[in-house]
Amino acid sequence: MKRLFVYILLTAFGSVGFTQTVQAAIIGTEQIHSASAAQQNQAKIAAALNRPEVLAQLEQMGVNKADAQARVAALTDEEAATLAHQIDSLPAGGDVVGALLVIFFVLLVTDILGLTKVFPFTRSHR
């Protein structure tokens, strides 16, 4: 019994040296700002997609709302920033067709690259 107790204590003291290390880092302001900007860009694109005239135009092009929203959710931060910038640069109260064409071409290119399957008439490279 005493020998068993000694083995247990030796094992316990021996395993103390194998503790896991914990690493922590400071999150910079730039990282927080970029994450916030990405969320704002996604929200801006989603708000543009929810406009009735945009939805009507997308339906005319054969794209349903769920597919478009799924594709917008799958955009990288850089793609979302580019699209949001293009939405911002459109004239006020104006060219919805331009925004729709941008969305259409983004979806078309992603279909051709095989990342999505929105349009049945495209063939992906994959």
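Tutor: Helices here are DSSP runs of H or I of at least four residues, strands are runs of E of at least two, and both are numbered from the N terminus. This is a predicted model, in which local features need pLDDT of at least 70, side-chain atom pairs count only at pLDDT 80 or more, and totals for chains, interfaces and linings use all residues. Residues are numbered from 1 along each chain as its sequence is written, and side-chain values use heavy atoms, with hydrogens and water left out.

Student: Is Leu-83 buried or exposed?

Tutor: Buried means under 20% relative accessible area, exposed means over 50%, and partly exposed lies in between, with a 1.4 Å probe and protein chains only. Leu-83 has 6% relative accessibility, so it counts as buried.

Student: Which residues is Leu-83 in contact with, leaving aside its neighbours within four places in sequence?

Tutor: Contact means heavy atoms within 4.5 Å. With those neighbours set aside, Leu-83 is in contact with Ile-45, Leu-75, Val-102 and Ile-103. Ile-45 is 38 residues from Leu-83 in sequence, yet their C-alpha atoms are 7.4 Å apart in space.

Student: Where is Leu-75 found?

Tutor: Leu-75 is in the loop between α4 and α5. Its relative accessibility is 8%, so Leu-75 counts as buried. Beyond its neighbours within four places in sequence, Leu-75 is in contact with Gln-42, Ile-45, Ala-80, Leu-83 and Val-106. Between Leu-75 and Gln-42 there are 8.6 Å from C-alpha to C-alpha, and the two are 33 residues apart in sequence.

Student: How should I read the buried residues of a helix?

Tutor: An α-helix has 3.6 residues a turn, so residues three or four places apart point the same way. In helix α3 (residues 52-60), the residues Val-54, Leu-55 and Leu-58 are buried. Seen down the axis of α3, these buried residues fall within an arc of 100°, so they line one face of the helix. The arc is that of the directions from the helix axis to the C-beta atoms.

Student: What does the face of α3 turned away from its buried side carry?

Tutor: That face of α3 carries the exposed residues Pro-52, Glu-59 and Gln-60. The buried residues of α3 pack against α2 (29-49), α4 (65-73) and α6 (96-112). After α3 comes Gly-62, whose phi is positive, near 90°.

Student: Which residues of α4 are buried?

Tutor: In α4, the buried residues are Ala-68, Arg-71 and Val-72. Viewed down the axis of α4, they fall within an arc of 100°, so they line one face of the helix. On the face turned away from that buried side, α4 carries the exposed residues Ala-66 and Ala-73. The buried residues of α4 pack against α2, α3, α5 and α6.

Student: Please show me an exposed residue for contrast.

Tutor: Consider His-33, which is found in helix α2. His-33 has a relative accessible area of 56% and is therefore exposed. Its C-alpha atom is separated by 28 Å from that of Leu-115, which lies 82 residues away along the chain.

Student: How many helices and strands does the protein have?

Tutor: The protein has 6 helices and 0 strands. Its radius of gyration is 26 Å, well over the 14 Å that the globule rule gives for 126 residues, so the protein is more spread out than a compact globule. The radius is taken over C-alpha atoms, and the rule is 2.2 Å times the number of residues to the power 0.38. Along its principal axes, the C-alpha trace spans about 85 × 35 × 25 Å.

Student: What percentage of the 126 residues count as buried?

Tutor: In this protein, 25% of the 126 residues count as buried.
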